[in-house]
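This report describes the architecture of one protein chain and then turns to selected residues. The sequence and structure are shown first.

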Amino acid sequence: MVSIEMNRTKGDYGFEIKDEMGHVLSSDSSSATGGNDSGFRPMQLLLAALGSCSAIDLVAILQKQRQTITAIKIVVDGYREENKIPALWEKVNIHFFLSGDIDEDKATRAVNLSIEKYCSVAETLRRGGTEIGWTLELNRDQEL
């Protein structure tokens with residue numbers, strides 16, 4: 001069982017969120033909707049969960065393939081439905097930037113396996129109608 005505890009800490013919508021292990025993060029609403037912008041908004045947390053889930057898969061797969069990863073950066077961009085309540089994620093793009101001694105074919109396969117097969121967050125979003133796309137960039141010149 002997973003257990004999350006939430007306590008209101010700031011204004012009407014600001015919460016401190018703890019898991020059963022004591023990990024903490026903050027959530028809030030935007031100032032446009034009465035919040036204080038003091039934490040992640042709930043829909044941002046879904047994008048963060050997708051990035052985290054795929055990152056874990058990616059590292060595990062590449063390590064099994066004996067690939068050496070020296071740096072990872074993941075950028076998740078999401079586009080929500082307009083003029084709808086609730087406004088679901090319509091399209092999400094995940095951009096993976098990897099550095100190290102990594103074979104491009106293995107990295108591509110690892111990302112695809114994560115997004116299409118292993119990542120529970122991706123599948124949850126997909127079942128809600130979200131279109132998920134991704135890009136991969138290896139060993140680019142600029143620092144991650």
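## Overall architecture

The protein chain contains 3 helices and 6 strands, where helices (H or I, at least four residues) and strands (E, at least two) are DSSP runs numbered from the N terminus. Along the sequence these elements follow the pattern β-β-β-α-β-β-α-α-β. The C-alpha trace spans about 50 × 35 × 35 Å along its principal axes.

This is a predicted model, in which local features need pLDDT of at least 70 and side-chain atom pairs count only at pLDDT 80 or more, while totals for chains, interfaces and linings use all residues. Residues are numbered from 1 along each chain as its sequence is written, and side-chain values use heavy atoms, with hydrogens and water left out.

Of the 144 residues of the protein chain, 30% count as buried; buried means under 20% relative accessible area, exposed over 50%, and partly exposed in between (1.4 Å probe, protein chains only). Among contacts (heavy atoms within 4.5 Å) with a separation of 6 or more, residues 24 or more positions apart account for 50%.

## Packing of helix 1 and helix 3

Two packed helices are described by the angle between their axes and the distance between the axes. Helix 1 and helix 3 (residues 120–127) pack at an angle of about 135°, with their axes 7 Å apart. Here the axes are lines fitted to C-alpha atoms, for helices over the stretch in contact, and angles run from 0 to 180 degrees between N-to-C directions. The two helices, helix 1 and helix 3, are therefore oblique to each other: angles under 35 degrees count as roughly parallel, over 145 as roughly antiparallel, 65 to 115 as roughly perpendicular and the rest as oblique.

From helix 1, L46, A49, L50 and C53 meet S120, V121, A122 and L125 in helix 3. By class, this contact of helix 1 with helix 3 has 7 nonpolar, 1 polar and no charged residues. In this classification, Ala, Val, Leu, Ile, Met, Phe, Trp, Tyr, Cys and Pro count as nonpolar, Asp, Glu, Lys and Arg as charged, and the others, Gly among them, as polar.

S54 lies in helix 1 and counts as buried, at 0% relative accessibility. Beyond residues up to four places away in sequence, S54 touches F96, S114, I115 and C119.

D57 also lies in helix 1 (residues 42–64). Leaving aside neighbours within four places in sequence, D57 is in contact with S114, Y118 and C119. D57 is buried yet has no salt bridge, and the nearest side chain of opposite charge, K64, is 8.9 Å away. For charge, Lys and Arg count as positive and Asp and Glu as negative, with His and the chain ends not counted.

## Salt bridges

A salt bridge is a side-chain nitrogen of Lys or Arg within 4 Å of a carboxyl oxygen of Asp or Glu, and by this rule the count comes to 6. One of them joins the side chains of R8 and D12 (3.9 Å, N to O); R8 is exposed, with a relative accessible area of 55%.

R126 and E123 meet at 3.2 Å, N to O; being 3 residues apart in helix 3, R126 and E123 are separated by about one helical turn. E123 and R127 meet at 3.1 Å, N to O, and these two residues are 4 residues apart, about one turn of the helix. E123 is partly exposed at 29%, as is R126 at 24%, whereas R127 is exposed at 71%.

## Loop residues and backbone features

The loop between helix 1 and strand 4 (68–80) includes Q67, which counts as buried at 12% relative accessibility. Not counting residues up to four places away in sequence, Q67 touches L62, D101, I102, D103 and K106. Q67 and K84 are 17 residues apart in sequence and 44 Å apart in space, C-alpha to C-alpha. R66 lies in the loop between helix 1 and strand 4 and has a positive phi of about 60° although R66 is not a glycine. R66 counts as exposed, at 74% relative accessibility.

The loop between strand 4 and strand 5 (89–101) contains P86, and the peptide bond from I85 to P86 is cis, with omega near -5°. N83 is found in the loop between strand 4 and strand 5. N83, not a glycine, has a positive phi of about 55° and counts as exposed at 83% relative accessibility.
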